[in-house]
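Visitor: I would like to go through this structure with you. Could we begin with what the terms mean and then turn to the packing?

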Amino acid sequence: MTRVLLVRHGQSEWNADGRWQGQADPPLTDLGRAQAHHAARALGVVDAIVASDLVRALDTAVILAGELGVGPVVVDPDLRERHAGDWQGLTRVDIEAGWPGYLDDRRRPDGWEPDEDLLVRATGALVRIHDLVAGGEAIAVTHGGLVYVLEGAFGEPFERLPNLGGRWVDVGPDGPTRLGERVVLVDPDELTIPSQL
């Protein structure tokens with residue numbers, strides 16, 4: 001069995017602005033970079049670091065890899081955040097103005113990537129990580145939406161995940177088999193919890 005820590009990237013500029021990111025590509029803030037440096041202190045030895053190709057996740061992974069002396073970072077586009085359709089770049093206020101009641105009713109806009117599709121992508125990425133470090137441990141720097149969908153598939157209730165928070169997952173050759181514990185890799189004084197979703 002392979003253990004993978006799915007880690008949400010550091011704070012991005014759009015996290016700080018309260019904008020829905022989806023697959024848009026805003027960079028990390030200075031705080032987001034500091035979070036990544038500090039998060040490495042909470043991590044032990046791992047066999048590999050894999051990351052989404054979106055810059056906020058990839059830059060987080062590169063910082064972690066540098067601090068831990070692991071690398072190079074393996075990039076897997078299937079670890080990307082879900083596509084948020086017409087809501088990418090918008091705040092909750094913008095969404096409520098353009099799509100009244102959608103957020104409260106959990107309806108989604110045109111172009112929204114369905115949970116089922118995101119779960120297929122996530123599973124494929126986890127299988128490749130298993131193949132890369134079979135029986136070992138890896139860090140996968142990804143996005144909140146991907147973690148939430150995986151947790152939901154295992155029956156876990158929705159709970160916001162902070163930047164540089166994560167979830168351990170056991171992975172076999174066919175995909176994830178068991179959720180482990182949630183962890184937070186930063187100190188309380190630099191904790192950020194994006195509230196877009």
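Guide: Contact here means heavy atoms within 4.5 Å. Please keep in mind that this is a predicted model.

Visitor: Understood. Which residues of helix 2 meet which residues of helix 3?

Guide: From helix 2, Arg-33, Ala-36, His-37 and Ala-39 are in contact with Thr-60, Ile-63, Leu-64 and Glu-67 of helix 3. Sorted by class, this contact comprises four nonpolar, two polar and two charged residues.

Visitor: And at what angle do the axes of those two helices cross?

Guide: The axes of helix 2 (residues 30–39) and helix 3 (residues 55–68) cross at roughly 35 degrees and come within 8 Å. The crossing of helix 2 with helix 3 is right-handed.

Visitor: Staying with helix 3, which of its residues are buried?

Guide: Arg-56, Ala-57, Thr-60, Ala-61, Ile-63, Leu-64 and Ala-65 are buried in helix 3. The packing partners of the buried residues in this helix are helix 2, strand 2 and strand 4.

Visitor: How does the distance between the end C-alpha atoms of helix 3 fit the span it should have?

Guide: The two agree, because 14 residues at 1.5 Å a residue should span 20 Å, and the end C-alpha atoms of helix 3 are 19 Å apart.

Visitor: New topic: the core. How many residues are in the largest nonpolar core?

Guide: That core has 22 residues, and Val-4, Leu-6, Leu-126 and Ile-129 have the most contacts inside it. Elements contributing two or more residues to this core include strand 1 (2–8), helix 6 (115–132) and strand 5 (165–172). Another core, of 21 residues, lies apart from it, and includes Ala-61, Ala-65, Val-73 and Val-183.

Visitor: Take Val-4, then. Is it buried or exposed?

Guide: Val-4 has 0% relative accessibility and therefore counts as buried; the cut-off for buried is under 20%. Val-4 belongs to strand 1. Beyond residues up to four places away in sequence, its contacts include Leu-126, Ile-129, Trp-168 and Val-171. Val-4 and Ile-139 are 135 residues apart in sequence, yet their C-alpha atoms are 5.6 Å apart in space.

Visitor: And what does Ile-129 touch?

Guide: With neighbours within four places in sequence left aside, Ile-129 is in contact with Val-4, Val-50, Ala-138 and Ala-140.

Visitor: How many residues of helix 7 are buried?

Guide: Eight of the ten residues in helix 7 are buried, among them Leu-146, Tyr-148 and Glu-151. The cover over the buried residues of helix 7 includes strand 1, helix 6, strand 4, strand 5 and strand 6 (175–184). Gly-155, which follows helix 7, has a positive phi near 85 degrees.

Visitor: Which residue other than glycine has a positive phi?

Guide: One of them is Arg-106, with phi near 60 degrees, in the loop between helix 5 (102–105) and helix 6. Leu-164 also has a positive phi, near 60 degrees, and lies in the loop between helix 7 and strand 5.

Visitor: Buried or exposed, those two?

Guide: Arg-106 counts as exposed because its relative accessibility is 60%, whereas Leu-164 is buried at 0%.

Note on methods:
Residues numbered from 1 in each chain as written. Predicted model: local features only at pLDDT ≥ 70, side-chain atom pairs only at ≥ 80, totals over all residues. Heavy atoms only, no water. Axes fitted to C-alpha atoms, helices over the stretch in contact; angles between N-to-C directions. Helix = DSSP H or I, 4+ residues; strand = E, 2+ residues; numbered from the N terminus. Left-handed = near helix turned anticlockwise from the far one by under 90°. Nonpolar A, V, L, I, M, F, W, Y, C, P; charged D, E, K, R; others polar. Core = buried A, V, L, I, M, F, W, Y, C linked by side-chain atoms within 4.5 Å. Buried < 20%, exposed > 50% of the residue type's maximum accessible area, 1.4 Å probe, protein only. Expected span 1.5 Å × (residues − 1).
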